[in-house]
Amino acid sequence: MNEVLRAIKERRSIRSFKTDPVEPEKIEAILEAARWAPSGKNTQPWRLVVVESREKREQLGRLVTQMDMIRTAPVTIAVLLDTQAGYDRTKDVQAIGACAQNILLAAHSLGLGACWIGRVRDEQVERVLGAREHEELMVLIPVGYPKESPPPRDRKPLAELVRRI
Ligand SMILES: Cc1cc2nc3c(=O)[nH]c(=O)nc-3n(C[C@H](O)[C@H](O)[C@H](O)COP(=O)(O)O)c2cc1C
C-alpha cells in the first residue's frame, strides 16, 4: 500500500491531545495542504482561522460542546465558507469537505492528531473567530500531538456500499 492510501486508512479522529506545542512549520504544511484542496470552478471558497492564543482557545472552548478538545489542543483550525467566493451552495460545501479532509490527512501524516467538529452556523463562535459578514463557520479542527490511539471505527463493507452497473 502506498503512503497516501496508508494515511487515508490509518487516520483516526483524535479527541485527546498532549499540551506540547505543534511546530509552526507543521502548521504551515497543514495549511498548505488545505490550500491545495479541489473546489468547483477552482473558487477556493475556504477561509482558515488558526486559533493558537490561550485566550481565544478558552473563549472557543466555553462555546463548543467538546470544550476539552478545543482547550487542550494547542491549535484549532476553523474552516469558514466565504459565501462571496463560492458559486453554488452544494458545491461550495463539498469543497469545504475536501479542504477539511486535506487538513486531517496532512495532520496525520505529520504525526499529529485532529478531529473534525462539524458546526452549524453559530454567531457567538463566529464572533470569537473574527469571521467576516459573508463568512460562515463550517468546521472546527483541533490539532495536536495525540494522547490516545483509538482503534479503527467500523466501516461498512464495500459490498453494501457499491453497486456496479
Ligand atoms: C461532517 C462530520 C462531522 C463530524 N462531527 C464531529 C463532532 O462534532 N465531534 C466529534 O467528536 N467528531 C465528529 N466527527 C468525526 C466522526 O465522528 C468520525 O470521523 C467517525 O466516527 C469515524 O471515525 P474515524 O474518523 O476515527 O475513522 C465528524 C466527522 C464528519 C465528517
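**Close-up views of a predicted model**

**View 1. Glu126 and the backbone of Leu137.** A polar atom of the Glu126 side chain lies 2.8 Å from the backbone nitrogen of Leu137. That is a polar contact: a pair of N or O atoms within 3.5 Å; within protein, one must be able to donate a hydrogen and the other to accept it, and residues adjacent in sequence count only if both atoms are side-chain atoms. Glu126 belongs to helix H6 (residues 123-129). Helices (H or I, at least four residues) and strands (E, at least two) are DSSP runs, numbered from the N terminus. Glu126 is buried, at 6% relative accessible area. Buried means under 20% relative accessible area, exposed over 50%, and partly exposed in between (1.4 Å probe, protein chains only).

The model is predicted: local features need pLDDT of at least 70, side-chain atom pairs count only at pLDDT 80 or more, and totals for chains, interfaces and linings use all residues. Residues are numbered from 1 along each chain as its sequence is written, and side-chain values use heavy atoms, with hydrogens and water left out.

View 2. Arg11, Arg12, Ser13, Arg15, Gln66, Cys115, Trp116, Ile117, Gly118, Arg153 and Arg155 surround the ligand. The shell holds three nonpolar, three polar and five charged residues. Here Ala, Val, Leu, Ile, Met, Phe, Trp, Tyr, Cys and Pro count as nonpolar, Asp, Glu, Lys and Arg as charged, and the others, Gly among them, as polar. Arginine side chains reach ligand oxygen atoms. For Arg11, an N or O atom of the side chain is 3.0 Å from a ligand oxygen. For Arg12, the distance is 2.9 Å. For Arg155, it is 2.8 Å. Taken alone, the ligand exposes 620 Å², and the protein buries 65% of that. Accessible areas come from the Shrake-Rupley method with a 1.4 Å probe; for residues, only the protein chains shown count as cover.

**View 3. The pair Arg47 and Asp82.** The side chains of Arg47 and Asp82 form a salt bridge (3.2 Å, N to O). Arg47 sits in strand S1 (residues 46-51) and Asp82 in strand S2 (residues 75-82), so the pair ties together parts 35 residues apart in sequence. A salt bridge is a side-chain nitrogen of Lys or Arg within 4 Å of a carboxyl oxygen of Asp or Glu. Arg47 is partly exposed, with 29% relative accessible area. Asp82 is buried, at 7%. The whole structure has five salt bridges.

**View 4. Salt bridges around Arg71.** The side chain of Arg71 meets that of Glu58 in a salt bridge (3.3 Å, N to O). This pair links distant parts of the chain: Arg71 is in helix H4 (residues 67-72) and Glu58 in helix H3 (residues 54-63), 13 residues apart. Arg71 is partly exposed, at 26% relative accessibility. Glu58 is also partly exposed, with a relative accessible area of 29%. Arg71 also forms a salt bridge with Asp68 (3.8 Å, N to O). Arg71 and Asp68 are three residues apart in helix H4, so about one helical turn separates them. Salt bridges with shared partners join Glu58, Asp68 and Arg71 into one network.

View 5. Ala114 lies in strand S3 (residues 113-114). Ala114 is buried, with a relative accessible area of 5%.

Technical notes. Near = heavy atom within 4 Å.
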